[in-house]
Amino acid sequence: DREARSEWEERYKQGLKTLDPDGGLDESEDERATRGLSVVVHPMIAEAATQFNARAIAELYPSGGPVKTVIVGEPNEQMEEQARRVREFMNYQVTQEMPEYFPDLDQMLFHLPLIGHTFKKVWWDANMDRQCSQFVKAEDFVVAPESKDLYTSPRYTHIIRMPKNEFNKYVQNGYYLPTSYFGDTSDPVDDVIGEIEGVDEYSDDAQDKVMTLIEMHVYELFDGIDGAMDDEDENAVALPYVVTLDYDNQRIVSIRRNWNQDDEEKKRRDWFVSYKFLPGLGFYGFGLYHMIGGLGKAATGSLRALLDSAAFANMQGGFKLRGRVNGGDIQVNPGEFVDLDSTVDDVNKAIMPLPFKEPSSSLFSLLGYIVEAGQRFASTADLNVGDVNPNAPVGSTVALIEQGSKAFSAIHKRLHYAQGQEFKLLAELNAENLPDEFSFSHAGASEIIYRSDFDERIDVIPVSDPNIF
């Protein structure tokens, strides 16, 4: 599956490198820096991602909590009280019991516009004994190449990295089988993020060594298990399982059924939620790098050309004669005079500055046009409401603002839908794992939630409203 998406992975890495302060074009950055040339990267795409993150995080994580409830069917006083308890408890969960939720959501909303596709994993953690919602990078989530969407995919794989000591805790809690450890971890996915950040994983402590687990959600046949038929039978129906392997030792550490035990149809349970920025041509969505990555490179190239010409114009370099003139390729750095072999009787004839011009105004205008085109696509250009006719009705001004926010509104609808799926998974985990009666503190008062509250009468949805721009 990874081999099938190798071209996508290369684009993924190139997209992340647009954030690299030391590179953004394909040429050797070290060579440019050695020659004294500019290696700056234009922040057009980074600016668009930052603005999207700032808008989206306010929508998806309001101060009062991101969860609200809707009563399914005709409401009555009992159901309204049940909906209130579910709403207050789940907001308490997300804001208090799950401290990783906000930073994970915040980080995900910065990755999403760059790459175009991210994932959330929702599960009950055996070590922490509570529900968790974790941001999963697209590079760590591999789907079958024939997949159209997450819910109909025949298989998908989550690449998990965890310290050896954390793995030992799972073994102690009976979640994984013990496995031998051979030292160095071979990572199945190159860590391009660590390369950009300039952070390398290193530790002398064996307990801090990072293990790589491959958690595969597949349909499989196991003889004699759950009534499965012989796997040689062509008409046998495979059942959904979660198979986890230790990647380094190639050893299975857990096999679990992936359907509810009381489900006669044995439908696969999904633990992942797919977040898309823009719909792509296949499974993976498109991000800013796919859509305006070319403009970002053009803006970086133009900006570098302007800075290089300014450097050469301000720090004159050229040639100076020395003995007899020899031909050949000559490389000149800003502020440098290269020796030439020649004889001369006039010192003024011995030095010739290179005819570098001041930064071109045409190139500067072109850079402005490129940046404006990119910002217009990414909807980051500021709408100057002051330019609107002051005598125009308020509705006309609001309509202009709404028109400028159309693209963001469409993306927010996708995020609203995905977050709704995430909250439904959380509600299912609550119905399965909470005690029959649980007391919690909310807004200075003590509240009680019942496991039976998480039934089909109450629907859990995000607070964000995609219809309000």
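First, the naming: helices (H or I, at least four residues) and strands (E, at least two) are DSSP runs, numbered from the N terminus. Under that scheme Q250 is found in the loop between β7 (239-246) and β8 (251-257).

Now the provenance. This is a predicted model, where local features need pLDDT of at least 70, side-chain atom pairs count only at pLDDT 80 or more, and totals for chains, interfaces and linings use all residues. Residues are numbered from 1 along each chain as its sequence is written, and side-chain values use heavy atoms, with hydrogens and water left out.

Some overall numbers. The protein chain has 11 helices and 15 strands. Of its 469 residues, 42% are buried, where buried means under 20% relative accessible area, exposed over 50%, and partly exposed in between, with a 1.4 Å probe and protein chains only. A contact is a pair of heavy atoms within 4.5 Å. Among the contacts in the chain with a separation of 6 or more, 69% join residues 24 or more positions apart.

Back to Q250. Most residues other than glycine have a negative phi. Phi of Q250, which is not a glycine, is positive, near 55 degrees. Is Q250 buried or exposed? Its relative accessible area is 58%, so Q250 counts as exposed. The hairpin of β7 and β8 that holds Q250 has 4 residues between the strands.

There is a second case. D129 also is not a glycine and has a positive phi of about 55 degrees. D129 sits in the loop between β2 (117-125) and β3 (130-136). D129 is exposed because its relative accessibility is 56%.

Next, the sheets on either side of those loops. Two strands pair if DSSP finds at least two bridges between them. What is the strand order in the sheet of 5 strands? The order is β4-β5-β6-β7-β8, in an open sheet with antiparallel pairing. Its edge strands are β4 (141-143) and β8, each of which pairs on one side only. For angles, axes are lines fitted to C-alpha atoms, for helices over the stretch in contact, and angles run from 0 to 180 degrees between N-to-C directions. Neighbouring strands in this sheet are turned by 20 degrees against each other on average, with direction ignored.

Within it, β7 and β8 form an antiparallel pair over 6 bridges. Y241 stands opposite R257 in β8, and V242 stands opposite R256 in β8. Helix α6 (residues 164-172) packs on this sheet and touches β5 (156-163), β6 (210-220) and β8, with its direction at about 110 degrees to that of β5.

β2 and β9 pair over 5 bridges in the antiparallel sense, and T118 stands opposite Y275 in β9.

Two packed helices are described by the angle between their axes and the distance between the axes. Helix α3 (residues 44-60) packs against α5 (residues 101-115) at about 140 degrees, with the axes 8 Å apart. That angle makes α3 oblique to α5: under 35 degrees counts as roughly parallel, over 145 as roughly antiparallel, 65 to 115 as roughly perpendicular, and the rest as oblique. Residues in this contact include I45, F52 and I57 of α3 and L105, F110 and P113 of α5. By class they divide into 13 nonpolar, 2 polar and 1 charged. Here Ala, Val, Leu, Ile, Met, Phe, Trp, Tyr, Cys and Pro count as nonpolar, Asp, Glu, Lys and Arg as charged, and the others, Gly among them, as polar.

α3 also packs with helix α9 (residues 361-378), at about 25 degrees and with axes 10 Å apart. At that angle α3 is roughly parallel to α9. The contact is made by M44, E47 and A48 of α3 and I370, V371, G374, Q375 and A378 of α9. Its residues are 5 nonpolar, 2 polar and 1 charged.
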